[in-house]
Amino acid sequence: WGIDETRIGVWACSGNVPLALSLLMQQDNDYLKCAVLCYGLMLDLDGSTNVAQAAQMFGFVNPCVGKAVDDLPPGLPLFIARAGQDTPQLNETLDRFVAAALRRNLPVSFVNHHIGPHAFDMMDDSATTREIIRQILAFMRFHLLSKER
């Protein structure tokens, strides 16, 4: 298949984002070169409990309990896509995460599909959605083929 096991990118959406974040936070993950996190629950930061409440409501284990943006590798490029019409509780976790990542000066690319619903890449066949998908693919192509990291 031609997969280079030393140059892996993570792409996670929605409820898979907490698991992806926990993978990004693990030790000895130099093989990870970038991550795309789309319209997902991020971390409970600044006293928020939205992720914990969602985990209880939907019955999933949150592997990032007690974790913070500081637990992420400082040089790992992140692409974060936000669905503007998603639930306020989900977007609140995403907004806090992006703000914390910027305060830490992490390499973050961010796009907000202001009229996009949750799962816009599957539910909203629009020019904006297609452009965001093109941006995600370009981001991954750049970081997986670049020898910088």
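Predicted model: local features only at pLDDT ≥ 70, side-chain atom pairs only at ≥ 80, totals over all residues.
User: By class, how many nonpolar, polar and charged residues does the lining of the largest pocket have?

Analyst: The largest pocket has a volume of about 280 Å³. Of the 14 residues lining this pocket, the closest to its centre are Leu41, Ala54, Phe58, Thr87 and Gln89. By class, the lining comes to six nonpolar, seven polar and one charged residues.

User: Which element gives the largest share of the lining of the largest pocket?

Analyst: The largest pocket has a volume of about 280 Å³. Two or more residues of its lining come from each of the elements α2 and α3. The largest share, five residues, is given by α2.

User: How far apart are the end C-alpha atoms of helix α3?

Analyst: Helix α3 covers residues 88-103, which makes 16 residues. At 1.5 Å a residue, the helix should span 22 Å. The model agrees, since the end C-alpha atoms of α3 are apart by 22 Å.

User: Which elements do the buried residues of α3 pack against?

Analyst: Let's begin with the residues themselves. The buried residues of α3 include Leu90, Leu94, Phe97 and Val98. The buried residues of this helix pack against α1 (17-24), α2 (50-58), β3 (78-83) and β4 (108-113).

User: Is Cys34 buried or exposed?

Analyst: Good one to check. The count of disulfides is zero. Cys34 is in no disulfide, and the nearest cysteine sulfur, that of Cys38, is 12 Å away. Buried means under 20% relative accessible area. Cys34 has a relative accessible area of 0%, so Cys34 is buried.

Methods: Residues numbered from 1 in each chain as written. Heavy atoms only, no water. Helix = DSSP H or I, 4+ residues; strand = E, 2+ residues; numbered from the N terminus. Expected span 1.5 Å × (residues − 1). Buried < 20%, exposed > 50% of the residue type's maximum accessible area, 1.4 Å probe, protein only. Contact = heavy atoms within 4.5 Å. 1 Å grid on protein atoms, 1.4 Å probe; cavity = no way out; pocket = protein on both sides within 12 Å on 5 of 7 lines; lining within 4 Å. Points joined across faces, edges and corners; volume = space filled by probe spheres on them. Nonpolar A, V, L, I, M, F, W, Y, C, P; charged D, E, K, R; others polar. Disulfide = S-S within 2.5 Å.
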